Amino acid sequence: MTPIGKLEDSRSNGARVSDVRKRYLDFFAKRGHTIIPSAPIVPENDPTTLFTSSGMQPLVPYLLGQEHPEGVRLADSQMSFRAEDIEEIGDNRHTTFFEMLGNWSLGDYFKNKQLPWVFEFLTSKEEGLGLDPKNLYVTVFAGDEASGMSEDTEAVGIWQELFKAKGIDAAFAKIGSEAAGYERGMQEVERIFAYDAKKNWWSRAGVPSKMPAGEPGGPDSEVFYDFGLPHDPKFGAHCHPNCDCGRFIEIGNSVFMQFIKKEDGTFGELPKKNVDFGGGLERLTAATRNNPDVFLVDVFDAARQSLTRRSGKEYTDAEATRSFRIILDHMRAASFMLASGITPGNSEQPYVLRRLIRRSIREADKLGIKEAVLAEVAEGYGAAYADQYPFVAENAAFIREQLEKEEAQFRKTLAHGMRELEKMGQEIDAFTLFTTYGFPVELTEEIAKERGITLDMTAVHAKMKEHQEKSRAGAAQKFAGGLADHQAATIRYHTAHHLLLKALQKVLGPDVHQRGSNITSERLRIDFSSPAKMTDEQKAEVEKIVNDAIDAALPVTRTVMAKEDAEKLGAEHEFGASYPEQVSVYSVGPKEASEADPKFAQAFSIEFCGGPHVANTSELGEEGKRFKIQKEEASSSGVRRIKAVLQ
Ligand SMILES: [Zn+2]
Ligand SMILES: [Zn+2]
């Protein structure tokens, strides 16, 4: 561990994001945690969600009992993206893309160790962030009468001791609901606040009464930083830690997976209790600067400066701030997506990316920037993340090319569409704008909202749906049918994906590598590096290799090994991922290994992969199914895309 000096040294300019990340990871490494790399922002084998949206998400299988190859104490900084927040961007603390610092105990330490560590990390000047404990406020679970769960008095006791050691007399207040908080407000000496299950209980299903039998859950405890702003009464009569006025900002949350719901509806203690901590890296950095605006942390500096240069406006100009924030946020997210192999398109992740780009172009236009600017703004992020995520800078040329292309196209659409929209006056017709000018419906809705015009969006969407059904070319219907079935189908496609990548390398050469992938229960899609369109013969050959591997009934096995060993075996890296020292590797085949003929030497394919997979390739051929390439097309320059099915 290299000491990085005291944070105060850089406090005048604010702590840097990379300092805070490093301090955090060093702090938990020193306390026995293995640092695991961030999972990719697009979950590889989870068709139920488009993006990784928290540090917990990739860890869920392990929180539910699966053994983690790196042990029982883990910490990381996870790239996260929340698509549902796109339209909310504009205030000083929400971003679509962010990094979540996490630490986990998988059946190891619990509350009495974890909360003191969190507090120490936040307040220690030597090893942590050196935040003034006077600015920290915490919340705990108040209990839940409906399910007979009691208040988390253990957490209250731990927090009181911690504050006391810093000379702070932390009084406890039982609040209950958020509404009660606004009504009651808070007293000067109060520092520990108990809220109901809506605020301080975690389970995948929500509050205790909503949880099915067998579901784990537990209380959580949040830490808020007081930025000392005056309360804004527009949110409620009085301020309290869960107030949305911006005085208090949540900087960390410890979830204690402590209970399991029993068949009779009561709760029992879990035999193996877990802890999950998540803290927003940008917000923690903002706290070290004592400034609640996350857009002022260093990773945004270069991008913000290029916007100032191009627009002639300052970030702090009242009419410019919101547009600045939207572009800064969206271009950072877009840079990570593009660097992860996503290209703008019309559905799923590619469409979210396209929306980010289009919204940014409109905001740039509002700032008075009439020429292409996005590639220039995005450039700043490669350098800002060079230490932790070098793949962003490595893909700089690709990011620039894609943004320039998309911006050139959409600037025309925007100009035409806006002209027509202005002509429409109060009678904005979103459907016509879309079908005639390609003007996105969401954008029309946003513009109407800004102008105080209410559109009948239900009618617009009904018309859009009718229109799409007419023009639909047999596009895949998403995820129909029973869940168990789907999961099995998705897993089969994942294994087929491994077979396909290997077959492509055999036919097109060893330089073929995965550039992106998406797997659902209905098909698989792979983007791979290759300069030329495949011939029909090549496609037939690839199909034959995959089908032969299915017919050969090869076993699929998972092995945990040192990263170095896996690399020596030539295991294929999954795209957009970086790896810990111990890795999970999936190999397909051989049918039987012997000492003379060791397992990995004869394997059909070996990939770094977290799974899951079928046990045997023969499962892919059940009911006479065959592997078939449906489509082979260009995805972007030097990248081809295949959609394939088992049918
Ligand atoms: Zn407030
Ligand atoms: Zn895989």
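This is a predicted model: local features need pLDDT of at least 70, side-chain atom pairs count only at pLDDT 80 or more; totals for chains, interfaces and linings use all residues.
Biologist: Which domains does the assignment give?

Modeller: Domain 1 covers 7-295, domain 2 covers 298-462 and domain 3 covers 485-646. These bounds come from an automatic or database domain assignment.

Biologist: How many residues do domain 2 and domain 3 put into their contact?

Modeller: Domain 2 gives 6 residues and domain 3 gives 7 residues. Here, two residues are in contact if their C-beta atoms, placed from the backbone, lie within 7 Å. On the side of domain 2 that touches domain 3, 2 residues are nonpolar, 4 are polar and none is charged. Ala, Val, Leu, Ile, Met, Phe, Trp, Tyr, Cys and Pro count as nonpolar; Asp, Glu, Lys and Arg count as charged; the others, Gly among them, count as polar. The centres of domain 2 and domain 3, taken over C-alpha atoms, are separated by 36 Å.

Biologist: Now helices. What describes two packed helices?

Modeller: The angle between their axes and the distance between the axes. Axes are lines fitted to C-alpha atoms, for helices over the stretch in contact, and angles run from 0 to 180 degrees between N-to-C directions. Helices (H or I, at least four residues) and strands (E, at least two) are DSSP runs, numbered from the N terminus.

Biologist: At what angle do helix 9 and helix 10 pack?

Modeller: Helix 9 (residues 321-339) and helix 10 (residues 348-366) pack at about 150°, and their axes lie 9 Å apart. Helix 9 and helix 10 are therefore roughly antiparallel to each other. The cut-offs are these: under 35 degrees is roughly parallel, over 145 roughly antiparallel, 65 to 115 roughly perpendicular, and the rest oblique. The crossing of helix 9 and helix 10 is left-handed. That term applies if the near helix is turned anticlockwise from the far one by less than a right angle; clockwise gives right-handed. By class, this contact of helix 9 with helix 10 has 10 nonpolar, 4 polar and 3 charged residues.

Biologist: Which residues of helix 9 meet helix 13?

Modeller: Ser 335, Leu 338 and Ala 339 of helix 9 meet Phe 398, Ile 399 and Gln 402 of helix 13. That contact has 4 nonpolar, 2 polar and no charged residues. The axes of helix 9 and helix 13 (residues 396-424) come within 9 Å and cross at roughly 115°. The crossing is right-handed.

Biologist: How do helix 3 and helix 4 cross?

Modeller: Helix 3 (residues 111-123) and helix 4 (residues 153-165) cross at roughly 40°, with axes that come within 10 Å. Helix 3 and helix 4 are therefore oblique to each other. Their crossing is right-handed. Helix 3 brings residues including Leu 115 and Phe 119, and helix 4 brings residues including Ile 158 and Trp 159.

Biologist: Next, sheets. Through what do strands of a sheet pair?

Modeller: Through backbone hydrogen bonds, either parallel or antiparallel. Two strands pair if DSSP finds at least two bridges between them. One open sheet of 4 strands has the order 11-12-17-16, with antiparallel pairing. Its edge strands are strand 11 (514-519) and strand 16 (627-636), each pairing on one side only. The twist averages 15° from one strand to the next. Inside it, strand 12 (residues 524-529) and strand 17 (residues 639-646) share 6 bridges. Asp 527 has Arg 641 of strand 17 as its bridge partner.

Notes: Residues are numbered from 1 along each chain as its sequence is written. Chains are lettered from A and ligands numbered from 1 in the order in which they are written.
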